[in-house]
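Please look over the sequence and the structure shown here. The paragraphs that follow go through the chains, their helices and their strands.

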Amino acid sequence: MLTNFFRVFNFALTDFNRNKGVTIATIFVLVVIIMLATWLFIFQGLTGFLISQVQDKIDVTAYFKEGTFEEDILKVKSEILVMSPNIKEVEYVSQDKALEIFAENHQDSEVISKALEEVGSNPFLPSLNITTSGDPAEYEEIANILQTDQYADLVDNVDFYEKKDTIEKVYAITKNINIGGLILTAILVIISVLVVFNTTKLAVDSSKDEIGTMKLVGASNWFIRGPFIIQGAIYGIIAFVISMALSAASAYALSSKIAFILPGFSLAEFFTSNIWIFILIQLAFGAGLGMLTSYVAVRKYLKN
Amino acid sequence: MISFNKVTKIYQEDTTVLQDISFEIEQGEFVSFVGKSGAGKTTLLRLLLGMEKPTSGEVYFQGINIGNADSSQIQTIRRKIGGIYQDYKLLPTKTVYENVAYILAVEGKENEEIEEEVPKVLEIIGLKDKVNNFPNELSGGEQQRLAIARALVNHPEVIVADEPTGNLDPYNTYEVISLLEKINRTGRTVILSTHDREVINKLGKRVITIENGKMIRDEAKGRFII
């Protein structure tokens with residue numbers, strides 16, 4: 001068993017060395033496919049970052065009646081967190097904090113500063129800023145909960161209906177981006193499988209007669225198929241190493257440029273923190289596809 | 001050892017390649033199938049090697065019905081039959097040495113045995129100086145000798161030669177046929193398929209004549225008569 005495995009491995013290495021043209025062409029195609037898959041994943045990371053940036057700016061605010069105690073508001077906060085598990089974040093903004101934020105945002109405007117002085121007291125209401133995953137239905141559900149009789153004595157107003165249009169638009173855009181990403185991924189996977197399969201098929205087709213002869217002298221299917229599958233794995237692993245080096249180099253080289261266009265997004269950090277996913281994607285598209293397509297391509301000639 | 005029992009092979013509804021063929025071959029016999037091109041000789045050998053299944057009838061090898069054999073039985077049968085073909089059917093990406101060694105590797109033989117057997121056979125067949133050459137670097141005669149070395153290396157019980165001299169000049173033809181006779185003298189069964197009149201008439205062995213898919217003659221010391 002072990003002798004046979006070493007033999008099959010040896011056949012694969014010998015064929016790999018002797019067919020340099022096919023080897024180089026196959027590895028090149030695999031590197032292209034792996035790099036496409038890698039950049040698609042990076043692109044999804046970029047769009048995910050963009051979407052979360054936009055979604056974080058969208059929230060609904062529940063304003064509480066003047067004089068509502070802080071402990072009552074915090075009680076509402078913990079209650080709605082239990083009632084609505086889709087809530088991502090709830091931030092309590094006290095009256096003083098609201099004034100402070102407003103003043104800070106308009107510190108350069110004399111008119112507003114004067115207006116505030118004329119009012120004399122703090123005109124702002126305490127509030128809860130609520131963020132969900134972005135689905136308008138989730139925001140509506142929270143708005144409805146807060147507007148029930150249970151909270152009628154505490155809640156003054158929930159600004160969901162004023163923001164409804166914006167929430168819906170942002171949600172529709174992000175949803176479409178996500179669907180587009182999925183479609184793009186599916187198309188790329190299909191194209192990758194077809195391209196790699198055709199490349200492997202060409203390599204296997206050139207050995208069609210050889211496979212027939214091997215069958216004729218009584219070689220088992222695995223004895224024939226083994227070297228092709230191992231060659232597929234070797235092509236894939238070499239392509240993986242090249243692609244990993246290219247991806248790492250490009251991630252670090254382009255990180256500062258992408259951060260300039262998209263402040264807050266570090267490509268190098270994204271690459272490092274997702275290194276295992278990158279390894280998995282590159283191995284799956286390289287060695288996985290190489291082996292799988294070799295298996296399928298040889299099968300056709302093993303029938304007799 | 002080998003038995004064809006009322007074997008008919010039809011490829012399409014109106015293409016009958018073999019019709020009602022019956023014969024038996026005993027161990028150690030030298031049998032020649034003769035007939036014009038397209039008579040059905042190669043199909044007979046393909047049936048024996050399990051590359052085709054008969055439309056009706058049975059083909060037996062050492063008691064196994066090849067038509068019903070599973071893939072592992074077919075592999076075992078093929079390892080017991082050494083094949084020599086007109087187009088040599090060598091492994092083009094393997095060297096002379098590797099072509100012969102492959103057969104022993106298929107049988108799971110140990111490396112020591114392979115290293116011992118292969119040079120021996122290549123020396124007998126006169127190719128010991130070409131061990132590192134690839135088949136396309138050999139002449140037609142050398143390629144056919146390599147095919148014979150490959151067919152002999154695992155000491156098969158039967159040698160099947162399908163038009164082995166078809167691509168060879170008279171000198172190489174004589175060499176190949178002499179080798180087949182030598183093999184037969186060691187007790188192995190030899191099945192030769194040919195349309196070479198001179199070869200058959202010189203051999204003076206059993207001849208089965210096939211014409212248009214039918215067996216028209218089976219003579220113990222036959223001649224080429226079509």
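Two residues are in contact if their C-beta atoms, placed from the backbone, lie within 7 Å. Helices (H or I, at least four residues) and strands (E, at least two) are DSSP runs, numbered from the N terminus. This is a predicted model, in which local features need pLDDT of at least 70 and side-chain atom pairs count only at pLDDT 80 or more, while totals for chains, interfaces and linings use all residues. Residues are numbered from 1 along each chain as its sequence is written, and chains are lettered from A and ligands numbered from 1 in the order in which they are written.

We begin with the place where the chains meet. There, 14 residues of chain A are in contact with 14 residues of chain B. On the side of chain A that touches chain B, helix 1 (2-18) and helix 8 (208-216) of chain A each supply at least two residues. Helix 1 of chain A gives the most, with 5 residues. By class, this side of chain A has 4 nonpolar, 6 polar and 4 charged residues. Here Ala, Val, Leu, Ile, Met, Phe, Trp, Tyr, Cys and Pro count as nonpolar, Asp, Glu, Lys and Arg as charged, and the others, Gly among them, as polar.

Within chain A, the domain assignment gives domain 1 (2-54 + 172-302) and domain 2 (59-133); such bounds come from an automatic or database domain assignment. The C-alpha centres of domain 1 of chain A and domain 2 of chain A lie 52 Å apart.

Helix 1 of chain A also packs against helix 9 (residues 221-261) of chain A, at an angle of about 55° and with the axes 8 Å apart. Axes are lines fitted to C-alpha atoms, for helices over the stretch in contact, and angles run from 0 to 180 degrees between N-to-C directions. That angle makes helix 1 of chain A oblique to helix 9 of chain A; angles under 35 degrees count as roughly parallel, over 145 as roughly antiparallel, 65 to 115 as roughly perpendicular and the rest as oblique. In this contact, residues of helix 1 of chain A including A:F9, A:A12 and A:F16 meet residues of helix 9 of chain A, among them A:P227 and A:I230. By class, the contact of helix 1 of chain A with helix 9 of chain A has 9 nonpolar, 3 polar and 1 charged residues.

Helix 9 of chain A packs with helix 11 (residues 275-299) of chain A at an angle of about 155°, with their axes 8 Å apart. This makes helix 9 of chain A roughly antiparallel to helix 11 of chain A. By class, the contact of helix 9 of chain A with helix 11 of chain A has 16 nonpolar, 11 polar and 1 charged residues.

Chain A also has paired strands; two strands pair if DSSP finds at least two bridges between them. Strand 1 (residues 60-64) and strand 3 (residues 127-132) of chain A run antiparallel, joined by 4 bridges, and A:V60 stands opposite A:I130 in strand 3 of chain A. Strand 2 (residues 87-93) of chain A is joined to strand 3 of chain A by 6 bridges, and these two run antiparallel.

In chain B, 6 strands form an open sheet of mixed pairing, in the order 6-7-8-3-9-10. Strand 6 (81-85) and strand 10 (214-219) of chain B are at the edges with a single partner strand each, so one side of each has no neighbour in the sheet.
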